[in-house]
Amino acid sequence: MTNGEGHRAAYVAFDRFPSAKGSAVHIRHMAAELFERHGGGLLCVLGGGDLPAYQYENGVEIVRFTEVVPNLLDRAQAFSAWVADRLEPHRDTLEICHVRDPWGALAALTTDARLVYEANGLPSVELPYAWPMAAPSTLAKIREIEEHCLRRAAAVVVPSYVIEKAVIERGVTPDRLHLIPNGADPVAADVPRPPGAPGRYVLYVGALQPWQGVDVLLRAFARLADLTDLSLVVCSSVARARARPLIRLAERLEIAVTWRFQLPHEEVAGWLAHAELSVAPLTATARNLEQGCSPIKVWESMAAGTAVVASDLPVIREVLGDLGRFVPPDRPAELARAIRVLLEYPDLCRDLGERSRRRIIDGFTWQHARTRLGQVYDLVGGH
């Protein structure tokens with residue numbers, strides 16, 4: 001707070017911030033729009049590592065939840081109660097609470113602020129991947145909480161038509177729905193080649209959970225062994241320990257992979273810009289089919305002018321349109337074939353990349369996303 005006055009806006013996310021993850025990139029841009037419009041505000045996020053529990057920057061108070069709670073659901077509930085306590089001093093001034101999950105939404109509903117619920121994912125769909133033993137009754141209860149929060153929101157923001165359908169099924173009326181795709185900032189043409197980058201390489205950027213399909217990519221790359229001048233690079237936001245099963249798989253397949261772990265986001269652009277092409281091998285799971293989340297890795301590949309080979313899923317087609325090369329998900333042989341064919345036609349590869357970059361510049365930069373979000377804030381504030 002400044003001069004003892006309460007904040008007018010709060011942004012709440014059950015995510016570590018900042019971090020190298022795509023979610024952190026999204027939070028940075030969306031929160032900036034909220035706080036710029038409201039003269040600062042309160043940012044409630046997860047902490048950990050060497051991140052301070054409290055910061056104050058340019059009118060924004062950043063508070064981080066640092067309690068160690070091993071169980072995911074217990075941690076979510078503790079976070080929700082903690083956020084409610086942080087919002088309480090601002091009850092008389094708070095106008096808008098922007099949240100990304102039901103845990104933040106439950107806390108925001110203890111105030112009189114208008115709720116903007118940004119549904120990038122649905123815990124009732126995602127939880128089984130993090131907690132496979134979750135009971136059906138637990139998932140049903142979480143869905144009930146989601147529906148309650150979504151129905152109470154003044155506006156619901158979604159990044160794709162796929163998740164738009166999912167939230168409509170949870171009771172959100174179309175008049176409160178606002179589609180704001182993710183974005184990316186165009187990469188400069190002279191961005192330096194990353195130190196240690198192979199001569200020619202195919203690139204994967206992103207997290208390494210099973211639904212990302214990196215194992216499919218490794219098996220596909222093993223089928224390209226005759227392309228002896230071609231390397232595979234995997235750039236990830238996670239620590240090396242999280243990649244052990246994939247590293248072992250690469251060793252069994254006898255393929256050389258250049259791994260980059262916990263890569264700072266600002267270094268991603270260079271790796272993308274100098275790649276022959278990038279790959280988004282998402283699997284055909286409920287997480288990608290029922291709540292497709294507009295993958296930032298694809299947007300950033302386009303912004304770098306790099307052609308993309310991707311799984312043929314609705315959420316990726318929504319981003320790439322006719323500017324990508326699509327293969328059935330979970331098919332290493334077909335993925336390898338698509339990569340090989342695109343590499344054999346460098347002019348086509350270059351054309352796809354250049355047109356993709358132009359599409360970003362014309363309508364899908366982060367500034368475009370911020371402008372669309374600002375219109376939602378204007379609408380909510382007007383009511």
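How many bridges join strand β9 to strand β10? Six bridges join β9 (residues 200-205) to β10 (residues 230-235), and the two strands run parallel. This is a predicted model, in which local features need pLDDT of at least 70 and side-chain atom pairs count only at pLDDT 80 or more, while totals for chains, interfaces and linings use all residues. Residues are numbered from 1 along each chain as its sequence is written, and side-chain values use heavy atoms, with hydrogens and water left out. Helices (H or I, at least four residues) and strands (E, at least two) are DSSP runs, numbered from the N terminus.

**The sheet**

- An open sheet is formed by six strands in the order β11-β10-β9-β12-β13-β14, with parallel pairing. Two strands count as paired if DSSP finds at least two bridges between them.
- At the edges are β11 (257-260) and β14 (325-327), each of which pairs on one side only.
- On average, neighbouring strands of this sheet are turned by 25 degrees against each other, direction ignored.
- Helix α13 packs on the sheet and touches β9, β10, β12 (277-280), β13 (308-311) and β14. The direction of α13 makes about 160 degrees with that of β12. Contact here means heavy atoms within 4.5 Å; axes are lines fitted to C-alpha atoms, for helices over the stretch in contact, and angles run from 0 to 180 degrees between N-to-C directions.

**Strand partners**

- Val205 stands opposite Cys235 in β10.
- β9 is joined to β12 by two bridges, and these strands run parallel. Leu203 stands opposite Ser278 in β12.
- Three bridges pair β12 with β13 in the parallel sense. The bridge partner of Val279 in β13 is Val309.
- In a regular strand the side chains alternate between the two faces of the sheet. In β12, Leu277 and Val279 point one way, Ser278 and Ala280 point the other way, and all are buried. Buried means under 20% relative accessible area, exposed over 50%, and partly exposed in between (1.4 Å probe, protein chains only).

**Two residues compared**

- Leu203 is found in strand β9 and counts as buried at 0% relative accessibility.
- Apart from neighbours within four places in sequence, Leu203 is in contact with Val233, Cys235, Trp271, Leu272, Ala275, Leu277, Ser278 and Val279.
- Pro210 is found in the loop between β9 and α7 and is exposed, with a relative accessible area of 70%.
- Apart from neighbours within four places in sequence, Pro210 is in contact with Asp215 and Thr283.
- The C-alpha atoms of Pro210 and Thr285 are separated by 9.7 Å, although these residues are 75 residues apart along the chain.

**Helix packing**

- Two packed helices are described by the angle between their axes and the distance between the axes.
- The axes of α7 (residues 214-222) and α13 (residues 332-344) come within 8 Å and cross at roughly 65 degrees. The crossing is right-handed; a crossing is right-handed if the near helix is turned clockwise from the far one by less than a right angle, and left-handed if anticlockwise.
- Val216, Leu217, Arg219 and Ala220 of α7 make this contact with Pro332, Leu335, Ala336 and Ile339 of α13. By class, the contact has seven nonpolar, no polar and one charged residues. Ala, Val, Leu, Ile, Met, Phe, Trp, Tyr, Cys and Pro count as nonpolar, Asp, Glu, Lys and Arg as charged, and the others, Gly among them, as polar.
- The axes of α4 (residues 123-130) and α5 (residues 136-152) come within 9 Å and cross at roughly 145 degrees.
- In α4, Pro123, Ser124, Leu127 and Pro128 meet Leu139, Ile142, Arg143 and Glu146 in α5. This contact has five nonpolar, one polar and two charged residues.

**Aromatic pairs**

- The structure holds eight aromatic pairs. Rings of Phe, Tyr and Trp (its six-membered ring) pair if their centres lie within 6.5 Å; planes under 30 degrees apart count as stacked, over 60 as edge-to-face and the rest as tilted.
- Tyr201 and Trp271 form an edge-to-face pair, at 5.8 Å centre to centre with 70 degrees between the planes.
- Tyr201 lies in strand β9 and Trp271 in helix α9 (residues 268-273), so the pair ties together parts that are 70 residues apart in sequence.
- Tyr201 is buried at 0% relative accessible area, and Trp271 counts as buried at 3%.
- Ring pairs also link Phe14, Phe65, Phe79 and Trp82 into a cluster.
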